[in-house]
Amino acid sequence: MPIYLDNHSTTCIDPNVIDVMVRIMETHYANPGSTTHEAGRLVAELVAGATQKIASHLNAEPDEIIITSGATESNNLALFGVAMHPKQTRRRIVSAVTEHRAILDPLVRLEKHGFEVVRLPVFPNQHPFAGGIDLSLAAECINADTAIVSVMLANNEIGTIQPLAEISKLCQRWGVPLHTDATQAIGRLPMDVQSMGVDLLSFSAHKFYGPKGIGGLFVRQSPEAVRIQAQIVGGGQQFNLRSGTLNSVGILGMAKAIEVVESNLPTDMLQQAYLRNLLWVLLNEQIDGLHLNGPDWDVPIQSNSTRLVNNLNVCFPKVDGQSLMLELPDLAVSSGSACTSVEPHPSHVLIGIGLSEDQARASLRFGIGRFNTEAEVRQTAEWIGRAHAKLAAFNA
Ligand SMILES: Cc1ncc(COP(=O)(O)O)c(C=O)c1O
């Protein structure tokens, strides 16, 4: 049986979510916008209940949630929506070098539209808060000309959790909306847009055991509404901010996934931290000279931890990650190279924390999920130990 330890990339759908979605597809296929008949009104009611559930998980209001196709679209809507709003007069955008491509690529486009983009560096790998933002540097860069600050809540490669509440204070000084890409955080951290002080927050259901192709963007409405310009126009759904027939099956699936997260979060967090820590210990027993990429973690896990509980990113001596993965056909993990082009290039996140290209290429990312077991982790460490010994002997 293959072992799946790539839960940052996506998660499997929780069986409870599948049940809900199948039921909705079979019986409630009417368009939630069709309020002229009972069938449509019933689906609209179900969607409203689901949106309420999603909002309350974030400690937000239902009219603050815009449903999208996932975090890529949410990030695009947040950045382009704020920057391109007709009343926008500010020209600076502040973000970080370790953001996901779904932030970095829109930033390049906004630069072409004349925005000044500041990409904050992060603490290097030797620092206990590797990948974290230096708040004093952020304070210097956020000013009266800043249109939006976008800093991810938790990094998808090295798990660094950014100090958003502190960044929010810096933003408030200048009346700057703060956006966070929380794609990796829901289901792995308690969520509260009020205590984090964020004004926009992106999420994607398939990262927390929901379906693919559905997600959302929280857009603060109170005490002051964040002004965003729609990026998809048409039928005027969702307060005219994101047109298109609502994906009712996806929305109900996402809400069910949130419900499962809420009832499992403390146990999921403990179990994933336990398995992640065990994997690190077992790998070190098998292989000398391993390096941890990303911040240290606390044992037991603390509420103010600086690393996602399920994340492990390891630099292996004397091998490259791609070759190691080829030796592990029954293990799903990902390497420190992004294979988005013909020529795989080293991860910008690992480079961002100061690793060399060779070190980045010698790294693997492990993402523990709700359904992983201790037996799988033990098997993984054994497979990797064997594969590494073989490759290291070959390279010696
Ligand atoms: C941090 C982060 N942001 C955005 C995305 C994009 O999410 P999606 O592919 O669901 O649009 C991902 C997915 O890998 C991610 O990890």
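Contact is defined here as heavy atoms within 4.5 Å. The structure is a predicted model, in which local features need pLDDT of at least 70, side-chain atom pairs count only at pLDDT 80 or more, and totals for chains, interfaces and linings use all residues. Residues are numbered from 1 along each chain as its sequence is written, and side-chain values use heavy atoms, with hydrogens and water left out.

By that contact criterion, Ala-205 touches Gly-210, Pro-211, Ile-214, Gly-215 and Met-254, with residues up to four places away in sequence not counted. Ala-205 lies in the loop between β7 (200–204) and β8 (215–219). Strands (E, at least two residues) and helices (H or I, at least four) are DSSP runs, numbered from the N terminus. Ala-205 has 0% relative accessibility and therefore counts as buried. Buried means under 20% relative accessible area, exposed over 50%, and partly exposed in between (1.4 Å probe, protein chains only). Ile-228 is 23 residues from Ala-205 along the chain, and their C-alpha atoms are separated by 23 Å.

Two strands pair if DSSP finds at least two bridges between them. β7 and β8 run antiparallel and are joined by five bridges. In this pairing, Leu-200 stands opposite Val-219 of β8. Axes are lines fitted to C-alpha atoms, for helices over the stretch in contact, and angles run from 0 to 180 degrees between N-to-C directions.

A second open sheet has four strands in the order β9-β10-β15-β12, with antiparallel pairing. β9 (291–292) and β12 (334–335) stand at its edges with a single partner strand each, so one side of each has no neighbour in the sheet. β12 and β15 (residues 363–367) run antiparallel and are joined by two bridges. Ser-335 has Leu-364 of β15 as its bridge partner. Helix α8 (residues 248–286) packs on this sheet, touching β9, β10 (311–315) and β15. The direction of α8 makes about 20° with that of β10.

α8 also packs against another helix. The axes of α1 (residues 15–27) and α8 come within 9 Å and cross at roughly 155°. α1 is therefore roughly antiparallel to α8. Angles under 35 degrees count as roughly parallel, over 145 as roughly antiparallel, 65 to 115 as roughly perpendicular and the rest as oblique. The crossing of α1 past α8 is right-handed. A crossing is right-handed if the near helix is turned clockwise from the far one by less than a right angle, and left-handed if anticlockwise. α1 contributes Asn-16, Val-17, Val-20, Met-21, Ile-24 and Met-25 to the contact, and α8 contributes Val-249, Leu-252, Gly-253, Lys-256, Ala-257 and Val-260.

The axes of α3 (residues 71–83) and α4 (residues 101–112) come within 9 Å and cross at roughly 30°. These two helices are therefore roughly parallel to each other. α3 passes α4 in a right-handed crossing. Residues in the contact include Leu-79 and Phe-80 of α3 and Ile-103 and Leu-107 of α4.
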